[in-house]
Amino acid sequence: METFQKREVQMMQNVHLAPETDEDDLYSGYNDYNPIYDIEELENDAAFQQAVRTSHGRRPPITAKISSTAVTRPIATGYGSKTSLASSIGRPMTGAIQDGVTRPMTAVRAAGFTKAALRGSAFDPLSQSRGPAPPLEAKKKDSPEEKIKQLEKEVNELVEESCIANSCGDLKLALEKAKDAGRKERVLVRQREQVTTPENINLDLTYSVLFNLASQYSVNEMYAEALNTYQVIVKNKMFSNAGILKMNMGNIYLKQRNYSKAIKFYRMALDQVSSVNNQMRIKIMQNIGVTFIQADREKMKKAFQKLIAVPLEIDEDKYISPSDDPHTNLVTEAIKNDHLRQMEHERRAMAEKYIMTSAKLIAPVIETSFAAGYDWCVEVVKASQYVELANDLEINKAVTYLRQKDYNQAVEILKVLEKKDSRVKSAAATNLSALYYMGKDFAQASSYADIAVNSDRYNPAALTNKGNTVFANGDYEKAAEFYKEALRNDSSCTEALYNIGLTYEKLNRLDEALDCFLKLHAILRNSAEVLYQIANIYELMENPSQAIEWLMQVVSVIPTDPQVLSKLGELYDREGDKSQAFQYYYESYRYFPCNIEVIEWLGAYYIDTQFWEKAIQYFERASLIQPTQVKWQLMVASCFRRSGNYQKALDTYKDTHRKFPENVECLRFLVRLCTDLGLKDAQEYARKLKRLEKMKEIREQRIKSGRDGSGGSRGKREGSASSDSGQNYSASSKGERLNARLRALPGTNEPYESSSNKEIDASYVDPLGPQIERPKTAAKKRIDEDDFADEELGDDLLPE
């Protein structure tokens, strides 16, 4: 209480009350300052001068190293007063008395300095004068830790070398390196267990060594060792995510064809993969699907082997007489064709049919290729009681090559089979004959056909192929004889019946040809080729109504064949039914817009009906198909003129003249059109026309004089007189004849419509090539590839 009162008294002593004046002095206090900052009277300050002269004044400032304590001492001023300065942080100075409590004394010597240093020694707070530090103590190379690190390095190097050898294809070296890495890793584990605790074992290194070893075992086809190594990894609970390696184990079981275990391990691996890793799950499921397919392949193979192993229980020896006993021989002859023998024949035929059908079904899918599948089936059949079926399977293999258009492989197989017994030889030669016929090598085709016929005279396919080769040489009567013989041997030989119909048609025996095709139609009800040939014969017999009726049946079978549709349009046009003709021509154009005859008919139809704009698009397409034919561009210009678009017509004629500068008809029309329009170009075109006409006249005179001198044929004279400077439009060569329909159009006095009496070329080639299901036309009555394709429809050539 007394202390508090003392403090209050001291505080009140420092309080100065403002003087009681009437007015405040606004400038008071500006000249007042603390006498401590007065340096003018320092010379007269005895205390300050004494401090400067004594050693105390020359002592280095102690506060330079002490940031926490500011030593303050009373400074005497000229006024003789002493003021105690406080610390820089506001705390009382050392030894000062504040509030009656004395602050404890602290050291006045800074850290890092000694009295010896102050007595003349150099300033060296970092002790640099002592010299360099002593070298580090060398580690002992034979210490356990160093040995362990060195072993780890060697193991890693061996694993890397093993992987590099594997990538280079040296699988044996890769396996040896992997084994060495495994041995050294085991030594490393034992040393580490002796030095440290088992928890400090490098699990990542152990995992990589075991995994690499298992992989190398697998690629070296040491599947048992690989599985054992994978089991070591999978069963060790210390390895995280090791369960995914069960997929690798499944792959090994798949290679071993142990499909049940492969599927089991794939499913176990699938359970180990989380749903986040979708790609890995998809790949595992794909492996499961492939395994199921492989398992089915094995099941098919096992089923085929079981089918082959079924006993027929037919004793062929009992039909062979072992002695010369007449009674025994009579019994043997009696039972050779009895009901039991016939039943045995049927049983064997049924078994062979089942075996052949099964082999045809499974051969393309049980191996990686159909050839490997057929080879497997052939080997199995050769080891069974059905040895003779192996050759039939080889023929089926050759036919499969033919369907894939691999003719070299087919020929190679068939030539090998040709050297075997008569039945197989006949079948192989028949197919070789067909192959060479398709290759237009009629000499080789005829040679192999003779071999086939001589090996088996009752082979209808061989006789049919022989007839084809004779037909190709133009001997139709002899070809008909071979076809008839083939039909006598096998009345169901549709190829022979079809080809004999074509032969009769070639011989102009239309009634017999129609009879053959009608018989064939009774067998093959929906054959578009047969229907078309019947319609064609009715057309040749000048019965268009029947021809149209049969062609409508063809359209019902093949509604998108452009050739059949154009033929219907032609027949309706002959009958005068323009609307029906337009419908079928337009449908034909829609399916095949490159037939020049159809395009011409449609363009002429629109000109007849005075739809000039629609006719233009067809003639423009014709000009694209035949860009060297000037007539299409002239027709386009004519349509523009008739529609009243004279400027467009003039531009078209000018463009035609640039492409065909020596075409007289184009120049004549340019002169006429420019004259009618009052253009100055008319005189220039007239000069060009006069020059071309003069050149044409001179050329004709030379041709006439040469013809009179050489006495050439009349046909040659006509061909020479009709040429006009070698241009396509007025030339007499095939492909430049104008249709009579165009000649009958209005305005035939125009030069490009009346100067030629030729027809359009009918030999335009279909750029899409022959269509498989396209019926044969009347212009293609020869026996081509479609006529004899699959002559060997029986077991000798094509599989059922």
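1. Let me begin with Tyr436, which is buried in this predicted model. The relative accessible area of Tyr436 is 18%, and the cut-off for buried is under 20%. A search of the whole structure turns up 23 aromatic pairs. Tyr436 and Tyr448 make a stacked one, with 5.5 Å from centre to centre and 10 degrees between the planes. Tyr436 belongs to helix H17 (residues 422–438) and Tyr448 to helix H18 (residues 442–455), so this pair ties together parts that are 12 residues apart in sequence. Tyr448 counts as buried too, at 11% relative accessibility.

2. Because Tyr498 lies in helix H21 (residues 494–506) and Phe517 in helix H22 (residues 510–523), the pair ties together parts that are 19 residues apart in sequence. Tyr498 is buried, with a relative accessible area of 6%, and Phe517 is buried with a value of 0%.

3. Which residues form one aromatic cluster? They are Phe582, Tyr585, Tyr586, Tyr589, Trp601, Tyr605, Tyr606, Phe611 and Tyr618.

4. Helix H26 (residues 578–591) has 14 residues. From its first C-alpha to its last, H26 reaches 20 Å, close to the 20 Å expected at 1.5 Å a residue. Its buried residues include Phe582, Tyr585 and Tyr589, and these three are also among the members of the aromatic cluster. Ala581, Tyr584 and Ser588 are buried in H26 as well. The cover over the buried residues of H26 includes helix H24 (544–557), helix H25 (562–575), helix H27 (596–608) and helix H28 (612–625).

5. H28, one of the helices covering H26, also has 14 residues. Its reach from first C-alpha to last is 20 Å, close to the 20 Å expected at 1.5 Å a residue. Buried in H28 are Trp612, Ala615, Ile616, Tyr618, Phe619, Ala622 and Ser623. Of these, Tyr618 is one of the cluster residues.

6. Two charged side chains sit over rings in this part of the chain. The charged end of Lys614 is over the ring of Phe611, 5.5 Å from its centre, and Phe611 is itself one of the residues in the aromatic cluster. Arg590 lies over the face of Tyr591, at 4.8 Å from the ring centre.

7. Now for some backbone geometry. As a reminder, most residues other than glycine have a negative phi. Lys405 has a positive phi, near 60 degrees, and lies in the loop between helix H15 (389–403) and helix H16 (407–417). Lys405 counts as exposed, at 63% relative accessibility. Lys440 also has a positive phi, near 65 degrees. Its place is the loop between H17 and H18, the two helices that hold Tyr436 and Tyr448. Lys440 is partly exposed, with a relative accessible area of 49%.

8. Where does Asn258 lie? Asn258 is found in the loop between helix H9 (246–255) and helix H10 (259–272), and at 26% relative accessibility it counts as partly exposed. The C-alpha atoms of Asn258 and Ala295 are separated by 8.7 Å, while the two residues are 37 apart along the chain.

9. For the chain as a whole, the secondary structure comes to 36 helices and four strands. Of its 800 residues, 38% count as buried. Among contacts between residues at least 6 apart in sequence, 53% join residues at least 24 apart. The accessible surface comes to about 48300 Å², and carbon and sulfur atoms account for 51% of that.

10. A last word on confidence. The chain averages a pLDDT of 76, and 70% of the residues score at least 70. Over residues 15–22, pLDDT stays under 50 and the model has zero contacts beyond four places in sequence. Residues 63–90 also stay under 50, but there the model has 44 contacts beyond four places in sequence. Where pLDDT is low, the predicted coordinates should not be read in detail.

Key: Residues are numbered from 1 along each chain as its sequence is written. This is a predicted model: local features need pLDDT of at least 70, side-chain atom pairs count only at pLDDT 80 or more; totals for chains, interfaces and linings use all residues. Side-chain values use heavy atoms; hydrogens and water are left out. Rings of Phe, Tyr and Trp (its six-membered ring) pair if their centres lie within 6.5 Å; planes under 30 degrees apart count as stacked, over 60 as edge-to-face and the rest as tilted. Buried means under 20% relative accessible area, exposed over 50%, partly exposed in between (1.4 Å probe, protein chains only). A charge sits over a ring if NZ of Lys or CZ of Arg is within 6 Å of the ring centre and within 35 degrees of the ring normal. The expected span of a helix is 1.5 Å times one less than its number of residues. Contact means heavy atoms within 4.5 Å. pLDDT is the predictor's confidence in each residue, from 0 to 100. Accessible areas come from the Shrake-Rupley method with a 1.4 Å probe; for residues, only the protein chains shown count as cover.
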